[in-house]
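Here is a friendly note to read beside the model. Please keep the structure open and follow the points one by one.

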Amino acid sequence: MLNKTVVALSVSLLLGACASSPENVCHPNTMVNIETSDVPTIKSGDKQYIVLPIDINFEESAADKLKATLINQLETQLINSGVKVVDRNLASKLQTEIKLAEQSGRYNTKGVPIADFAIITEVTKSELSKSHNETRYYENKDGETKKIPASCDYRVEFAAITKVVSLPNMTLIKRIELRGNDSFSTETTNSRCPISEAQYSGLALASAIESIEHDGELKELLAPSAPVLELRHCDSGPMVKIGMGSKTNIQPDTEVSFANAIKNSEGEIETFAVGEGDVVDIPMHGIKPEYSWVMINEETALKIKKGDEARIVPKRCSSYLDLECQARAIGL
């Protein structure tokens, strides 16, 4: 059971943490020369993903609907992030080949590269539970006897594993456990709690959708990213130009995190946080189709490099009124 007071208070504190935005973008003559990153980031719009058909390796009456719903949800998140998605028919043809490559650790590098990353998902649980509640009576504060009719409670717990691997080396980038649930109650004296196939499917699909929409790890992994292009410093403070704008649906006050990538002596790419900032609230001049301006603090300005990664910090929930999502986001 959610503590709605705690959730609402936490949300109000988050809402009150908004910072002010400058009135103007710094003039070009305030540009500051900065170093170039050793490993400049690649714009997410230049990356290509292949989403493999969903696996369900157990008896599941709503299997086809679950597979279709999950793949639609994953593709929608990718498209919203600005990345390119390989055609679904081609993904189906390459499913076996890529999964064999995952086991061997190497994808066939001959021919034209099909994608930079593959998303492999397996549903591990879609479990229905139900319970019957007998008719109950209670006395209210006016001394009146009230009746609570007999009812049945239904609940589906959904779980899946999603893996993101790079191609062609099949390196595991991230393994994410997706979890969701949905429930409903209905008045009935039938203690067996019958449920139709349509009702079960509805619960299972809602649970699957929640598992993706409420997962912060997946949103962070697929969040739009682009390189830092320029630093300027004027009376308004330091601000950087990043390589994504209105075409990537960048909005005023969007939170952006910055990271620097370095190749170590073993050839591995390591990343280090540099700081955060907010997209300026000057839509006409501060957000263009291909770029936008982000206010940063002095400390971040001293560390930022041209080519550093600017990544959108995704909103965990689509609405502050979604208390189930808000509770999950703050760990309740």
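**Helix packing and charged pairs**

1. Let us start with Glu177, which is partly exposed because its relative accessibility is 42% (buried means under 20% relative accessible area, exposed over 50%, and partly exposed in between, with a 1.4 Å probe and protein chains only). Two arginines pair with Glu177: its side chain forms a salt bridge with Arg175 at 3.9 Å, N to O, and a salt bridge with Arg179 at 3.4 Å, N to O. Here, a salt bridge is a side-chain nitrogen of Lys or Arg within 4 Å of a carboxyl oxygen of Asp or Glu. Arg175 is partly exposed at 46% relative accessibility, and Arg179 is partly exposed at 44%.

2. A word on the source: this is a predicted model, in which local features need pLDDT of at least 70 and side-chain atom pairs count only at pLDDT 80 or more, while totals for chains, interfaces and linings use all residues. Residues are numbered from 1 along each chain as its sequence is written, and side-chain values use heavy atoms, with hydrogens and water left out.

3. Next, look at Arg155 and Glu157, whose side chains meet in a salt bridge of 2.7 Å, N to O. Arg155 is partly exposed at 32% relative accessibility, and Glu157 is partly exposed with a relative accessible area of 28%.

4. How many salt bridges does the structure hold? There are 12 salt bridges in the structure. Lys43, Lys247 and Glu290 are linked by salt bridges into a network.

5. Now for the helices (DSSP runs of H or I with at least four residues, numbered from the N terminus). Helix α2 covers residues 63-80 and helix α4 covers residues 197-213; they pack at an angle of about 25°, with axes 10 Å apart. The two helices are therefore roughly parallel to each other (angles under 35 degrees count as roughly parallel).

6. Which residues of α2 and α4 meet? On the α2 side they are Lys65, Leu66, Thr69, Leu70, Gln73, Leu74 and Gln77, and on the α4 side Ser201, Ala204, Leu205, Ala208, Ile209, Ile212 and Glu213 (contact means heavy atoms within 4.5 Å). By class, this contact of α2 with α4 has eight nonpolar, four polar and two charged residues.

How values were computed. Axes are lines fitted to C-alpha atoms, for helices over the stretch in contact, and angles run from 0 to 180 degrees between N-to-C directions. Angles under 35 degrees count as roughly parallel, over 145 as roughly antiparallel, 65 to 115 as roughly perpendicular and the rest as oblique. Ala, Val, Leu, Ile, Met, Phe, Trp, Tyr, Cys and Pro count as nonpolar, Asp, Glu, Lys and Arg as charged, and the others, Gly among them, as polar.
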